[in-house]
2 protein chains.
Amino acid sequence: MKDDRFCNSNCPFTRAIGTIGNKWKPIIINVLGTRTMRFGQLDAIVPHISRKVLSEQLKELEEDGLLERLAYKELPPRVDYKLSEKGLAFLPILENIKEWNLKYEVATIPKETDYKWSKLPQDGLS
Amino acid sequence: MKDDRFCNSNCPFTRAIGTIGNKWKPIIINVLGTRTMRFGQLDAIVPHISRKVLSEQLKELEEDGLLERLAYKELPPRVDYKLSEKGLAFLPILENIKEWNLKYEVATIPKETDYKWSKLPQDGLS
DNA sequence: ATTTGTAGTTACCTACTAGTAACCAGAATA
DNA sequence: TATTCTGGTTACTAGTAGGTAACTACAAAT
């Protein structure tokens with residue numbers, strides 16, 4: 001996202017939306033959870049994301065202090081991603097969103113085709 | 001947004017992000033809060049939004065059951081928007097996001113120019 | 001007769017986002 | 001010697017989001 005009108009707003013809520021208000025970041029934060037994961041794992045588990053977009057989002061999340069990037073000086077390279085304290089503090093909010101959705105969403109029957117999109121059963125997200 | 005890959009996902013969390021995971025919807029929901037507002041008021045208070053995008057977002061929010069649209073048969077037209085039960089239930093989550101941001105955000109000094117973007121002091125958002 | 005007010009819609013255009021495929025380093029393995 | 005492994009980056013392209021300006025309806029006010 002990186003919309004300066006949001007990120008530089010004088011309203012703290014607007015700024016918050018500027019940093020986490022897109023579709024990928026909440027998903028990435030949720031997938032990471034309390035685990036440490038490598039780039040390739042994230043790429044395999046986050047559904048439909050391309051490596052390009054994943055690396056962009058991870059970079060922004062790191063800049064905004066939501067996660068920590070640990071690069072080992074090895075070959076082939078190894079990089080671990082884990083949530084920072086700030087990122088971990090965001091997890092309960094995501095839990096609330098899940099509960100809110102389960103409570104109020106009108107039930108829909110997932111189509112067959114949905115499963116093609118999942119790299120893991122149930123998207124590995126919930 | 002309306003990304004079918006998100007909205008039709010078999011993961012409830014992914015679906016939730018599909019409906020509210022963009023930059024405008026949390027802002028609109030927050031601005032509405034417990035009040036009833038007319039289209040023109042929303043347009044005046046939500047910073048930087050165009051009428052076109054506002055009406056698109058309002059339509060999607062209505063479709064997703066987050067708000068109710070009350071059109072009076074008058075001329076000139078009058079339309080009231082208010083949050084539904086589902087929308088109201090989302091407000092505490094937005095409160096949590098505000099608190100989370102205030103607690104963890106690295107302090108930044110708002111620039112002079114920020115105030116030009118605000119149609120109300122402090123954006124009227126917080 | 002003209003202007004004002006409201007809640008949009010429409011057409012057009014631009015700017016950003018996201019996807020794809022190819023490519024990189026350099027050690028370990030076959 | 002060629003391939004594999006990993007975590008990206010780059011160039012190119014397609015698609016989408018969003019902005020602007022003009023336009024609508026019709027009553028009431030000027």
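The stops below cover a sheet and a set of salt bridges.

This is a predicted model, in which local features need pLDDT of at least 70, side-chain atom pairs count only at pLDDT 80 or more, and totals for chains, interfaces and linings use all residues. Residues are numbered from 1 along each chain as its sequence is written, chains are lettered from A and ligands numbered from 1 in the order in which they are written, and side-chain values use heavy atoms, with hydrogens and water left out.

**The sheet of chain A**

Begin with the strands of chain A, which form an open sheet of 3 strands in the order β1-β3-β2 with antiparallel pairing. The edge strands, each pairing on one side only, are β1 (37–38) and β2 (67–72) of chain A. Strands (E, at least two residues) and helices (H or I, at least four) are DSSP runs, numbered from the N terminus; two strands pair if DSSP finds at least two bridges between them.

Next, select β3 of chain A, residues 78–83, which pairs with β1(A) in the antiparallel sense over 2 bridges. Within β3(A), A:Asp80 is the bridge partner of A:Arg38.

**The salt bridges**

How many salt bridges does the structure hold over all chains? There are 10, each defined by a side-chain nitrogen of Lys or Arg within 4 Å of a carboxyl oxygen of Asp or Glu.

Select A:Arg15 and B:Glu105, whose closest N and O atoms are 2.7 Å apart in a salt bridge. A:Arg15 lies in helix α2 (residues 12–20) of chain A and B:Glu105 in the loop between α6 (85–104) and α7 (114–117) of chain B, so the pair joins two chains. B:Glu105 is partly exposed at 22% relative accessibility, whereas A:Arg15 is buried at 11%. Buried means under 20% relative accessible area, exposed over 50%, and partly exposed in between (1.4 Å probe, protein chains only).

Move to B:Lys25 and B:Glu60, which form a salt bridge at 2.5 Å, N to O. B:Lys25 belongs to helix α3 (residues 24–32) and B:Glu60 to helix α5 (residues 51–63) of chain B, so the pair ties together parts that are 35 residues apart in sequence. B:Lys25 is buried at 1% relative accessible area, and B:Glu60 is buried at 14%.

Finally, select B:Arg51 and B:Asp43, whose side chains meet in a salt bridge of 3.0 Å, N to O. B:Asp43 is buried, at 13% relative accessibility.
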